[in-house]
Amino acid sequence: MNTMQAMQFQCVGITDFGINIIHLRSFGSVCSAGFLLSMTQGLFWEIVGGADKGGILVRAGKELKSEEKSGRLSHGALVREIEFFETNGRLHYEIVKGTGPENGWVSIQISGKELARRTAAPFEDDEAAPEDMPEAEWRIHRRCKRERQRDVPEWKPISIEQVMNNHTRVAPGMFYGLHFPWSEEMLLSSKFGAEWLTQAMHVAGTLPMDNKVMKVSADPFKITTGNNGGKFLFEVEYLHSSPDLHTRLFAKIPHAMEQATQSDRLSSSVNKQPMEFYELNSSRLLEATLPVKIPRYYFADISNETSNWILITESIDFKDPKRLDFEGKTRGAPKEQLEALEIEGPYDKCMDWCLRGEPKDYYMTLVRCGARMAGLAHKGCFGDSEVLGKYFENFAALPFSSFGMKAECSGQPPNQLKTKIDTALSFMADTGKVLFPSFCRTEDFQQKLRNTLMKLNAYAAEMNYWCHADKDYIAFTHNNLNVDNAYFWRNASGELELGVFDWGSMGSRSLGFKMWWWLYCHEFEDLSANLDAYLECCVSTLQDLGDFGGPKLQKEVLRMQFILTGLQQMFGLVSAVGQIYKMCPKKEWATIKDRYDPRVGDNIHGKSTLRLYLQVMRTICLIVEEWKADKVVDDFEEKVTELLGGSKKAPSTMQA
């Protein structure tokens with residue numbers, strides 16, 4: 001059992017408002033010397049000192065006064081790290097190339113003079129690029145292959161206390177062992193800047209060793225959106241310019257630990273951990289094999305001690321990155337069509353009227369892309385499943401005992417959930433009624449929603465198990481494939497194509513679960529009209545054995561998983577009324593007339609959170625009423641009871 005599997009064994013099946021949460025029952029401190037060692041294994045160093053002395057001094061032990069070994073480690077030698085002590089800069093190595101003692105201990109600097117620096121792992125073969133593959137693409141393939149062969153540590157659970165205590169500390173990253181910046185100011189500072197970025201790209205294998213970054217400067221365009229992290233652009237100049245090297249780069253970083261974003265930072269760093277670990281691994285490990293374009297990877301790392309992280313990629317060249325129509329003024333109006341290959345957007349969640357074409361085309365393209373990833377993963381195209389399970393979410397590895405099923409209620413305490421539901425119903429029927437269907441104000445609907453959620457909550461763990469009991473329905477694919485996590489263009493034939501970013505929580509999970517998170521921000525009316533087509537697209541893509549080799553799935557099973565996941569999200573949304581009032585105070589609601597009012601439709605603090613909460617709450621209410629989700633839960637109860645070979649749960653498990 002690996003660490004990530006152990007974390008997942010403690011999952012209780014409750015979801016956040018925008019992505020799944022893994023709830024951890026306990027956390028242990030990981031800030032120890034041993035932990036520091038485990039974070040920097042499987043790396044390589046170049047000996048850059050000793051040019052005038054025939055190499056650098058090597059000792060038999062980590063102590064500075066331990067026995068001196070015979071001979072010096074040659075200048076220019078390449079060594080493999082066995083262990084490294086961050087506190088005193090002592091490196092235990094074994095030699096790979098060069099002369100001197102085969103192993104021993106050296107200092108990486110003396111009196112501020114650098115003696116050894118981290119460098120890229122050597123390629124294990126001299127295989128030439130295929131004739132039909134450009135050199136830059138071949139470098140990506142070799143880099144990803146090399147990364148998959150390195151033994152990078154697994155993520156260890158961290159607590160809120162650790163994040164609060166350590167978030168200002170500079171610490172080595174898990175992937176490459178370098179200190180790294182996690183804000184725009186840090187990256188542009190003299191402590192990091194061009195010299196650091198050169199070393200970072202060299203170590204990551206994304207910049208040829210005979211090239212370097214000469215200058216790093218701020219980009220005037222500021223990115224103001226982002227639910228799961230901060231974002232900024234910056235410009236670089238290289239010693240040797242090349243069409244294969246991007247000069248405008250994009251960085252994604254944690255939310256700042258400031259009053260406006262502290263809760264978001266703790267949510268992503270603790271509640272959703274290790275979401276960022278999965279995202280960075282997607283670019284680090286899968287860039288060469290994903291069946292979809294992604295921004296070119298240049299560097300990424302994360303600290304398990306501090307929760308700080310950074311991802312650096314190319315900046316996508318959007319044709320018109322102007323402010324979106326949050327007020328809905330262009331609804332129904334024809335949109336200007338761009339030239340072939342010009343990139344649309346960027347788009348945002350819950351604003352389908354901004355799309356340049358029919359929304360169905362965009363969501364169908366997303367579904368097809370996600371299903372294609374799942375099919376290729378099933379075929380083994382992304383590498384060894386054990387490696388994927390180590391660095392990505394992996395519900396396929398969970399044993400029966402991990403789901404926490406029991407005769408009693410396996411979800412939230414029923415009395416607590418009922419209070420949350422009643423608070424949400426009061427909001428939808430009174431304060432926020434202008435944004436919700438009129439049936440939300442009827443006693444019949446309110447009782448239906450209450451009963452539906454209370455019953456599913458009683459079976460929360462069982463639902464999680466049922467969705468993952470048949471391994472054919474577990475898919476390794478993008479977890480949050482929304483229009484704001486993709487970039488779109490049309491080819492010369494006018495067909496819509498896409499690239500994908502924001503790979504948080506990438507991994508293996510129920511395909512119906514995945515489909516919900518691909519489609520949940522779609523306008524309900526369009527979702528309802530096209531769900532059958534989306535499900536059929538997903539099933540048929542996976543069944544195309546000639547191309548993808550996926551299993552044959554049943555559309556109705558996916559539909560049930562999809563609806564249950566939506567209801568599961570409502571457990572989080574009914575808890576969000578207090579947050580809604582923080583983003584739009586209660587006194588404002590009397591004068592709000594529709595969803596396009598900037599107070600509820602615009603991005604608040606640069607995030608779509610409020611707009612998303614309100615739209616998805618409406619969507620789920622409509623699913624309950626129009627799709628008869630209460631009957632779906634009844635059917636699920638029958639299926640899971642039969643699967644487990646027991647009896648239905650007592651009514652008391654569904655009552656406060």
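Student: Among contacts between residues at least 6 apart in sequence, what percentage join residues at least 24 apart?

Tutor: Contact means heavy atoms within 4.5 Å. In this protein, 72% of the contacts between residues at least 6 apart in sequence join residues at least 24 apart. The model is predicted: local features need pLDDT of at least 70, side-chain atom pairs count only at pLDDT 80 or more, and totals for chains, interfaces and linings use all residues. Residues are numbered from 1 along each chain as its sequence is written, and side-chain values use heavy atoms, with hydrogens and water left out.

Student: How does the radius of gyration of the protein relate to that of a compact globule?

Tutor: The radius is taken over C-alpha atoms, and the globule rule is 2.2 Å times the number of residues to the power 0.38. For 656 residues a compact globule would have a radius near 26 Å, and the protein agrees, with 26 Å. Its C-alpha trace spans about 85 × 55 × 55 Å along the principal axes.

Student: How many disulfides does a search of the whole structure find?

Tutor: A disulfide is a pair of cysteine sulfur atoms within 2.5 Å. The search finds zero.

Student: Is Cys-584 buried or exposed?

Tutor: Buried means under 20% relative accessible area, exposed over 50%, and partly exposed in between (1.4 Å probe, protein chains only). Cys-584 is buried, at 1% relative accessibility, and Cys-354 is buried at 11%.
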